[in-house]
Amino acid sequence: MATHHVGDDDPVGQVFANRYRLDSAIGRGGMATVYRAHDEALGRQVAVKLFHAGVGDGAPQESEFVVLASLDHHGLVTMIDAGVARDSSGRARRFIVMPLVNGTNLQTRLFEAPISGRHIGEIGYDMAEVLEYVHGQRVIHRDIKPSNILLVDYGNGATRARAKLTDFGIALSDDVERMTAEGMTTGTAAYLSPEQASGGEVTGATDIYSLGLVLLECFTLRKEFPGSMVETAVARLGRDPRIPEELPERWRTLLRAMTSRAPGDRPQGRELVSILKQIVIAESGRHKDTEVLFPADRADDQAAVEATALDTLPTEALDRATAMAARMFAAPISIVSVVDHDRTWFTSHYGADVARIAREVDLSKATVPQDEPVVVEDARLDARAQGSSLVEGPLALRFYVGVPLKRQDGQVIGTLSVLDFKPGSASQADIENLQDLAAIIVSQLELRREGLRWAGEGSGNIPTPVPAASVFREDVQSA
């Protein structure tokens, strides 16, 4: 069999480092692309993180090598090989090889369906255990977020959630030079700790704060501090996260402690592990043993992790767009949905007073794409909404306005909608404003798609048009 070297243009199907045949891209970032690959020496499936040629001077990659090489824990995606190999142009390309985790990440899972308190507790417990170990090795992750938490699907219908932590690209270790300059902020904006946001000293308590925000998001299904780096920094330095009052007291107490602005007040190590273990025990008594973490109708493993333009939606832009749409109508709920073949991706915004109820309702039923704007002033009096669980169920929705997300060629790829519990109205000016906001959303999606195309990473998964349907349709299929 002939051996090929991987290049930047089309690495899929080629063999890298004379050993790893790259099958498909499963994750992309500014510094590297992760590929599903076949280890031809040992005949197994692996994940290969291939750093882009010409990115930096190698110091960040080298630091990740050093950190991963020093760690070994069942809650980590560990390194099984690493090195430098030449591509077809003769350029040195650093790479890391890791076990291939079948399943999905927490960020994607939050799009699929609500997660029970028991599974949230199990995910938190796994992360607490791994952070106890990591911090004991004097390593700080610094980038705890849903997309860096992998949920393992063993394919046997197991009800126990198993979570693994990945991506130590910006981790700090005593064995690695601390490359972050004084006063520089490093991490993901929505999950920074107050000390990260202010450029202060970073300790293990930083990871605990970020994990607290992740667990809170599992309940509320929204980022607590959305927006740009500056906006999120100002917000978290000025207030504590809002913990829903409807959560059990044990969760409210823990989340408040984990997200305290004072690092010394956050539980860490064995204390946090013990608290979350007790929460899992308590939640197991409230939830059925038959509950599963992965929805029964979810796509197969490869489809769940394949990266497409929609898998890398500009989430902060969508969060801000949904919040703005809700403010325009002084309404408690707004949704951006994008349909990609057989699944609906949506970002929702809703007030704290509806968070608990909204978690128990499939909001994708209110996001069927339409060719033209749709207004339902009072769903109880409108034939299009009769029999809908969104109207007759616990949410008891009354008002709906939705405008299509249209590409320049007129193709409808989704909906921007606003919902309320009381009757309302939408003037022509209101609809035009909502359409302008929808156009901005589409432009963001198109920019992201174009960026992937120019990077040679486009997957060809273009959202297909969906026929117009009745408002509040009940048979929408989502991932």
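## Basis of the model

Local features in this predicted model require pLDDT of at least 70 and side-chain atom pairs count only at pLDDT 80 or more, while totals for chains, interfaces and linings use all residues. Residues are numbered from 1 along each chain as its sequence is written, and side-chain values use heavy atoms, with hydrogens and water left out.

## The open sheet

Three strands form an open sheet in the order β7-β9-β10, with antiparallel pairing. Strands (E, at least two residues) and helices (H or I, at least four residues) are DSSP runs numbered from the N terminus, and two strands pair if DSSP finds at least two bridges between them. Because β7 (103–105) and β10 (163–165) stand at the edges with a single partner strand each, one side of each has no neighbour in the sheet. On average, neighbouring strands are turned by 25° against each other, direction ignored; axes are lines fitted to C-alpha atoms, for helices over the stretch in contact, and angles run from 0 to 180 degrees between N-to-C directions.

Three antiparallel bridges join β7 to β9 (residues 149–152). Leu 151 in β9 is the bridge partner of Thr 104.

## Helix α3 on the sheet

Helix α3 (residues 117–136) lies across β9 and β10 and runs at about 35° to β10.

In α6 (residues 229–238), Thr 232, Ala 233 and Arg 236 are buried (under 20% relative accessible area; exposed is over 50%, partly exposed in between, with a 1.4 Å probe and protein chains only). These residues cover an arc of only 100° around the axis, which puts them on the same side of α6; the arc is that of the directions from the helix axis to the C-beta atoms. Val 230, Val 234 and Gly 238 are exposed on the other side of α6.

The buried residues of α6 pack against α4 (194–197) and α5 (204–220), where contact means heavy atoms within 4.5 Å.
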